[in-house]
Amino acid sequence: MTEPLMSVRNLEKTFGALKATDGLYLDIAPHEIHAMIGPNGAGKTTAIRQFSGEYLPDGGTIHFKGQNITHLPMHKRAHLGMARSFQVSSIFLTFTAEDNVAMAIQAHDGHSFRFWKPARTDQSLRNPARKVLEKVGLLHRADIAAENLSHGEQRQLELAMALATKPSLLVLDEPMAGMGLEDSRQMLTLLKSLKGQVTILMVEHDMDAVFKLADRITVLVYGQAIATDTPEIIQNDPDVKAAYLGEEKTCSM
Amino acid sequence: MQLGVMLFLMASGLTLVFGIMDLINLAHGSLFMVGAYLCATVYQMTGSFGIGLMAALPGTALVGILIETVALRKLYARSHLDQVLATYGLILFLNELTKILWGPRALFLDVPGVLSGTVEIIPGMPYPAFRLAIIIVGIIVAIGLYFLIARTRIGMLIRASATNREIVGALGVNVKLLYTLVFGLGALLAGLAGAMAGPLLAVEVGMGEDILILTFVVIVIGGIGSIRGALVGSILVGVIDTLGRAFMPTIFKLFMNPAAADGIGASLSSMSIYIFMAIILAWKPKGLLPAHA
Amino acid sequence: MLKLNMTSKNWFLLITFIFLAALPFVATALDETFYIGFFSRILIYGIAAVSLDLILGYGGMVSFGHAIYLGAGAYVVGILAYHGVEGSAFINWPISIMGTENALVSWPLSILVSALLALAIGAISLRTTGVYFIMITLAFAQMMYFFFTSLEKYGGDDGLSLFSKNRVGGLEMNSDISFYYVCFGLFLGFLILCYRLVNSRFGLVVQGSKENDIRMQALGFETYRYRLTCFVIAGAGAGLAGALMANQTEFVSPSLLHWGVSGEIMVMVILGGVGTLVGPAFGAAALLILEEILAHYTEHWMLFLGLILIFVVLFARRGLYGSIFERGAGK
């Protein structure tokens, strides 16, 4: 395999008596869609938080684009090309959808110590923002306050903000969380369209989506990766079945 | 060190209320004032500090519970800004009410006769008996709080609420009652501090705010939500304050003439606590022993 | 370039502007010149309240120590004037700073000193959030209060009187009317600056940071720097208000730094409407007028002020201006 885009070695994170991440080992190849699955409490979100910099690990290393980012602050990782979406939509509720995406664009358009010119009419921010909204299918809702969007639309906006930063690695925490059937299908199509353009690491419970999208799957149990492989092999791995898929009654195989 | 004890009493109450109800209560200092006023008034009526104290404790607790049920309940769900503003309004109201009921001049409260002498713990170094009594009370309260929090059912509920409010409610506990009781306990501690402070400080309107800010310093240094933090914080602050007052003027006298040294020394000693706080914060923004990481 | 969209809000603002511009002449004509000084005070507090709204309403930073910068600005003017009258220097080492009564020298210095103070205090305080931040700003306010009380040379507890109002360059500013227009002009200038600020790229970052700081960092903003800058700008604004205040009362004392004054300014912001920028100025007017009126009826007017404040917080959260004209930057 070529040089991995992100590689995680021996990652450890402890909360009091709980070892949430216990020697995690993970490689993300460029341009792949890599899914991380596991039973509840396996430590998936904790892992994501350490990748993005929200938590700092107690041990181990994370390398991104060859650089050691283990203790790098969150905002610096964003500038290296890592974008994150949150499990619970983390958007600016009182701003419009377009405002939200424009903010993401602004983050990567030099520094923001500009005090005089009104930003909301700055076309160098608004035009690219509208383009991204169009890509995720939200352009018709550009001027609606984010708090008035439907749940599915908010998840779309969440993704749009991440995309607007032109990332090399998109880290998605349950992009389809709480979505109905129709919305999920839309999101699935959207994510499929991104394949090859941007590397994606996603945590998901929706097994249907995972098996349709992922090039490789890593199974996380008790803070450790117990298997990393293609979907077909994971489906038939007895350890995985025992630990996780055995509990799932809704996977289609 | 009696400042340390008083701060501990204030800080425990405040940190309990904050840790459990997520309520920042600027009027906590007012409860301190109420305790002092009640004690002073009853003392003037009966001539006995002891009776004054026994009246001040439940009295302040009652006032606290009254305030909680009438005004503060609505604030639990509000933002911290709202709580700050509303309790600030409460301070204005209570201070003025006190002025109306008791007049603007300070009340006179004497050290109880039996404790007005000195005690020689270390031979050759007499220590005022009243101040020693305060320290002893502080130790008793600290031990009492430890048992309450660590060993009783109510303490368990308190600890559980501090970590996860919603679940405690879902378990069927009468959360409203728990909150009121906790607030009452905080008020009681504040009243105790106020009553004991009576003979040492001037019992006047506004005495609560000065100690409130110092209480905040204690909590910031010690860490919010933990009684241990309050203990550590109040001991540290008490020590720094004593050292500051004792040594600052002396240190400055090494560098400049005595008159100027006294002046700057005195002001710097009152600032020393805040400077200490700033240093601790630069090192540990969440305090030394916060309840949640 | 100015799109004049005459909504009811704009009519209201226009009328207010005309009222304020004409006030001194109307007051003189009606022989009620007291109001010229009174409204100067309102304008000065208006600047302070607007500067607090920058960090409070738009940045979400609940600073209970904003009066520090007000007081520091006032003291710079006071101390320099004291030395100016004496003809002495403030300090002689490392550089000689002579006293002065020239506003063109001391007012920018007020702004600078307050900004530096805000930088120092903000750098430490802004590493914390939420309740810690509120407590720390309160503690620093107390500390600065003690500091200024200890300045025996400059009056200590009793304060320092100014011989007269500053002169602006070569022009005397002794008449109430000329001072009023200076305040009015500076108030307008500051308001316009703030308005541009909150709608600029910088302003949006500050607003975004208030609403969702983690999100902003995840996007790539180093929010600490932006919030600190906002804090410094607000401190500078309060410093300007302080310089004007020293001139208005011709007196500076540590009581200006008492945290109660910080509370007062906060009340002005909340009464007017958090996050509306011009609302707090109306709040300043409302509070000062309310105090005047209540004081006529009872010496215990603080009682009612406290109750009114509690009422506003519980039931009229968006303040006067906020409830009537704007959604505001919200909660």
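This is a tour of a predicted model, one selection at a time. Residues are numbered from 1 along each chain as its sequence is written, while chains are lettered from A and ligands numbered from 1 in the order in which they are written. Local features need pLDDT of at least 70 and side-chain atom pairs count only at pLDDT 80 or more, whereas totals for chains, interfaces and linings use all residues.

**Stop 1: chain B**

Select chain B, which has 11 helices and two strands. Helices (H or I, at least four residues) and strands (E, at least two) are DSSP runs, numbered from the N terminus. Followed along the sequence, the pattern of chain B is α-α-α-α-β-β-α-α-α-α-α-α-α. Of its 293 residues, 49% count as buried. A residue is buried if 20 or more other C-beta atoms lie within 10 Å of its own, exposed if 12 or fewer, and partly exposed in between, with C-beta atoms placed from the backbone. Two residues are in contact if those C-beta atoms lie within 7 Å. Among contacts in chain B between residues at least 6 apart in sequence, 75% join residues at least 24 apart.

**Stop 2: where chain C meets chain B**

Pick C:Ala139. Leaving aside neighbours within four places in sequence, C:Ala139 is in contact with B:Ile213, B:Phe216, B:Val217, B:Val220, B:Tyr274 and B:Met277.

**Stop 3: the largest nonpolar core**

A nonpolar core is a set of buried Ala, Val, Leu, Ile, Met, Phe, Trp, Tyr and Cys residues joined through C-beta atoms within 7 Å. The largest one has 277 residues, and A:Val101, A:Ala160, B:Cys39, B:Val217, B:Val220 and C:Ala139 touch the most other members. Helix 2 (residues 34–58) of chain C contributes the most to this core, with 15 residues.

**Stop 4: helix 6 of chain C**

Select residues 176–199 of chain C, which form helix 6. This helix has 24 residues and reaches 35 Å from its first C-alpha to its last, close to the 34 Å expected (1.5 Å times one less than the number of residues). Its buried residues include C:Phe179, C:Tyr180, C:Phe187 and C:Phe190. The buried residues of helix 6 pack against helix 1 (8–29), helix 2, helix 7 (201–211) and helix 9 (223–249) of chain C.

**Stop 5: the two domains of chain A**

Chain A is divided into domain 1 (1–81 + 167–253) and domain 2 (92–166), with bounds from an automatic or database domain assignment. Their C-alpha centres lie 26 Å apart. Where they touch, 11 residues of domain 1 are in contact with 10 residues of domain 2. The largest share of the domain 1 side, four residues, comes from helix 6 (residues 181–194) of chain A.

**Stop 6: A:Thr45**

Finally, select A:Thr45, in helix 1 (residues 44–52) of chain A. A:Thr45 counts as partly exposed because it has 18 C-beta neighbours inside 10 Å. Not counting residues up to four places away in sequence, A:Thr45 touches A:Gln87, A:Asp173 and A:Val203.
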